[in-house]
Amino acid sequence: MICPSCKSALADELRYCLHCGQYLGEPDETTRVIPPRFVPKTKVNVAVPRFETVEKGSEPWALGTGALVIGAVIVLIIGGVITLALIEWGSQSTETRNTNRPIASYTQSPTRPPTPTPTPIPTQPTIANTPQGQPSFEQPAPPQSSRETIVDSTFPVGPRAYQSYSFVVAANRIGNLTGTFSATGGRNDIDAWVIDASQMANFANGHSTYFYYHSDYVSYGEIKLRLKPGSYYLIFSNKAALLTNKVVEAHVYLN
């Protein structure tokens, strides 16, 4: 059937068009197809397996069982002979390698005479005459240590603040500034500086500062500097922290 409205092909038993909904009228009784109301039964032939009885001893492979056993025994014998040959060859190779190995010779190194130990010379006290003419004995003064402590303590540094220590390298000498520092609190970091005294105003005002040492914010740092004569500052800065106090442990010395 053809729909008179949208020209679509339709089945003859439809009363309305599936595409445009046009009413098609009642189906023609002579062309109506009535589906079967039952499914005819069909006979299905199923193949039934057949079984055959085979008499014992009539299998074709049973006749070769003895040959298989004999072959297995021969293979085992050949494998044993090869294994023994390999073991004997390995032992001969080891003996040959041990025989051809050169014997190491050891030469005793000449002994050096012992180095004489210098005999310490005792320091004699200096004899000085007093105004009364009586001799008095003066002990030599112990050598003085040239190490100067810059900081050797634990101290707090508040937020947006810094702690500074000034020191001087005397004229006609080179100062060796050495030490370590560590920080706890907040992010466990502190910013350490070593600057010239002339740069202190720039640092305090947040300007660009020339420095001899700058650790940036670290939890632990080590200082090793050689400084010419002059005035310097060792600074521990916490300017980047807005609310957090830092506790710094520092041990720095000038030699």
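**Close-up views of a predicted protein chain**

Asn 188 is found in the loop between E5 and E6; helices (H or I, at least four residues) and strands (E, at least two) are DSSP runs, numbered from the N terminus. This is a predicted model, in which local features need pLDDT of at least 70 and side-chain atom pairs count only at pLDDT 80 or more, while totals for chains, interfaces and linings use all residues. Residues are numbered from 1 along each chain as its sequence is written, and side-chain values use heavy atoms, with hydrogens and water left out.

View 1. Most residues other than glycine have a negative phi. With 34% relative accessibility, Asn 188 counts as partly exposed; buried means under 20% relative accessible area, exposed over 50%, and partly exposed in between (1.4 Å probe, protein chains only). Look for Asn 172 in the loop between E4 and strand E5 (175-184), where Asn 172 counts as exposed at 83% relative accessibility.

**View 2. Trp 193 pairs with Phe 203.** Rings of Phe, Tyr and Trp (its six-membered ring) pair if their centres lie within 6.5 Å; planes under 30 degrees apart count as stacked, over 60 as edge-to-face and the rest as tilted. By this rule the chain has 11 aromatic pairs. In this one, the ring centres of Trp 193 and Phe 203 are 5.2 Å apart and the planes meet at 65°, so the pair is edge-to-face. Trp 193 belongs to strand E6 (residues 190-196) and Phe 203 to helix H2 (residues 200-204), so the pair ties together parts 10 residues apart in sequence. Both partners are buried: Trp 193 has 12% relative accessibility, and Phe 203 has 4%.

**View 3. Trp 193 also pairs with Phe 211.** Here the ring centres of Trp 193 and Phe 211 are 5.6 Å apart and the planes stand at 90°, so this pair is edge-to-face too. The pair links distant parts of the chain, 18 residues apart, with Trp 193 in strand E6 and Phe 211 in the loop between H2 and strand E7 (213-218). Phe 211 is partly exposed, at 37% relative accessible area.

**View 4. Charged side chains sit over aromatic rings.** A charge sits over a ring if NZ of Lys or CZ of Arg is within 6 Å of the ring centre and within 35 degrees of the ring normal. The charged end of Lys 239 sits over the ring of Phe 203, 4.3 Å from its centre. Arg 147 lies over the face of Tyr 253, at 3.9 Å from the ring centre.

**View 5. Four aromatic residues form one cluster.** To find this group, pick out Phe 155, Tyr 165, Phe 181 and Phe 236.

**View 6. Four strands make an open antiparallel sheet.** The strands follow the order E4-E9-E6-E7; two strands pair if DSSP finds at least two bridges between them. Strand E4 (162-169) and E7 stand at the edges, each with a single partner strand, so one side of each has no neighbour in the sheet. Inside the sheet, six bridges join E6 to strand E9 (residues 230-237), and these two run antiparallel.
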